[in-house]
Amino acid sequence: MTIQYFHKILIANRGEIACRVIRTARKLGIRTVAVYSDADKDALHVSMADEAIHIGAAPSRDSYLVYERVIEAAKKTGAEAIHPGYGFLSENAAFCKACKDNDIVFIGPPVGAIEAMGSKSAAKTIMEKAAVPLVPGYHGDDQSRDILKQAADEMGYPVLLKAVAGGGGKGMRQVWSEADFDEALEAAKRESLNAFGNEDMLVEKYLTQPRHVEIQVFCDQQGNAVYLFERDCSVQRRHQKVIEEAPAPGMTETLRSAMGEAAIRSAQAINYEGAGTVEFLLDSDGSFYFMEMNTRLQVEHPVTEMITGQDLVEWQLRVAAGEPLPASQQQLSISGHAFEARIYAEDPDNDFLPVTGTLSFLQPPASSDHVRVDTGVLQGDEVSVYYDPMIAKLIVWDETREKALQRLTQALKDYRIGGMTTNIDFLYNLASSKPFAEAELDTGFIEKHHPLIF
Ligand code: ADP
């Protein structure tokens, strides 16, 4: 079981994902190094790791995003590899390259794959060549207003303007008619420039009721690739995932293998290694379109673990150490159904604004084969302004969707958090609503069923 190759790894992250990676490393007999900011000196991930190195002040741009300090910490502690988690440096090509330059293994894809997927327009060009279906649209270099507008007019409204450098739902604007184009373009460019330092746009046909279905892929250094099926992440608020599930309700075997094969083509087109996710929009007629590939472990990876019985962090560590994939496509199968609900310190009655404060009381539901809680906080911890206010991920599994949904509502009911406002009641109302039970899923779900949920 033990991976001989890595004796010690550094986790360049905080919160639940740092704790999650440490758990698997421990299981495999690998020593761990945590890094932390001023705000995190007493954090759970620090106490769980074998060693911890301070890397700077609380704001992430002064600590978790300063890759030179992360590399220095790895060298100082003799860590042979770095797991970047998600967010922060995980899709930062310069960091990936710096790891290599310092003879440290980056637990993730090669730098070329990160670069290729870092731009939504370059990614679309590559996928077009690999015969992966794309949302109709314009992803060219000419960024003049007239060219973008002409593309939108020809495609027909509604269209979606999307930041080429975008992520996290930022720099996106729907345009419902020709008259609204200029204003939307200005707004999207402004937002993109602020968030990403780049204002290039792509124009896509706006699908009005698509589902967001993504495929988990894995590739090893020997050129093998598999897909670990799909996750449905259609339940979103402002293009951010709220509840994810696997498998996707109503999925047919034919569609599943078509999407799985397309995802593998996407990964192979960029010589991928490690864990990746290919995101597709699925239209009501069964057509699916490549949206983007995330070159890291996703927040919602646990639902895939629950239905496949695989530990994806273990897969990442093995593949990064040069081992072949732990299982072939034929050896992988789906068992049962899983949900993940993201528990946030936020106020649904106040436009979901993040909430800060002390978790004066914290009692998650009991963990079992059916209920898993991935968290990075303990009772008494602070939820600060500095980082993402996610408190935990609640993951449930059962043999059928119906039973798993019962587990989810029960676990949400049992989740007790005192001292701060959270979205737990909102999640409970959502999970126990009739349309959710009936899996009437599309990305407009929350907007459409708003009165039912609140
Ligand atoms: P980001 O990288 O900012 O998260 P994505 O390209 O992944 O942006 O899109 C995020 C979400 O936006 C999707 O999950 C989907 O809900 C919506 N979306 C993206 N492209 C389209 C489109 N062409 N039509 C309709 N909805 C879209």
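This is a predicted model: local features need pLDDT of at least 70, side-chain atom pairs count only at pLDDT 80 or more; totals for chains, interfaces and linings use all residues.
Let's start at the ligand: three strands, β9 (201-205), β13 (274-282) and β14 (288-294), each give at least two residues to the shell around it. That shell counts 20 residues, and the ones that come nearest to the ligand are Glu 204, Leu 207, His 212, His 239 and Thr 443.

As for the predictor's own confidence, the chain has a mean pLDDT of 96, with 98% of its residues at 70 or more. For the complex, the predictor reports a pTM of 0.95 and an ipTM of 0.97.

One of the residues it touches is Met 172, whose contacts beyond four places in sequence are Leu 160, Leu 161, Lys 162, Ala 163, Gly 166, Ala 188 and His 239. You'll find Met 172 in strand β8, which covers residues 172-175. Is Met 172 buried or exposed? Met 172 is buried, because 20 other C-beta atoms lie within 10 Å of its own, and 20 is enough to count as buried. Val 203 sits 31 residues away from Met 172 along the chain, yet their C-alpha atoms are separated by 9.8 Å.

Next, a couple of prolines. Pro 158 is in the loop that runs between α7 (145-155) and β7 (159-163), and the bond joining Tyr 157 to Pro 158 is a cis peptide bond, with omega about 5°. Another cis peptide bond links Ala 246 and Pro 247, this time with omega about -10°. Pro 247 belongs to the loop between β12 (240-246) and α9 (253-269).

Arg 238 isn't a glycine, but it has a positive phi of about 50°. Its place is the loop between β11 (225-237) and β12.

Look for Ala 439 in the loop between α14 (434-437) and α15 (445-448). How exposed is Ala 439? With 16 other C-beta atoms within 10 Å, Ala 439 comes out as partly exposed, since that label covers counts in between the buried and exposed cut-offs.

How values were computed:
Residues are numbered from 1 along each chain as its sequence is written. A residue is near a molecule or strand if its C-beta atom, placed from the backbone, lies within 6 Å of it. Helices (H or I, at least four residues) and strands (E, at least two) are DSSP runs, numbered from the N terminus. A residue is buried if 20 or more other C-beta atoms lie within 10 Å of its own, exposed if 12 or fewer, and partly exposed in between; C-beta atoms are placed from the backbone. Two residues are in contact if their C-beta atoms, placed from the backbone, lie within 7 Å. pLDDT is the predictor's confidence in each residue, from 0 to 100.
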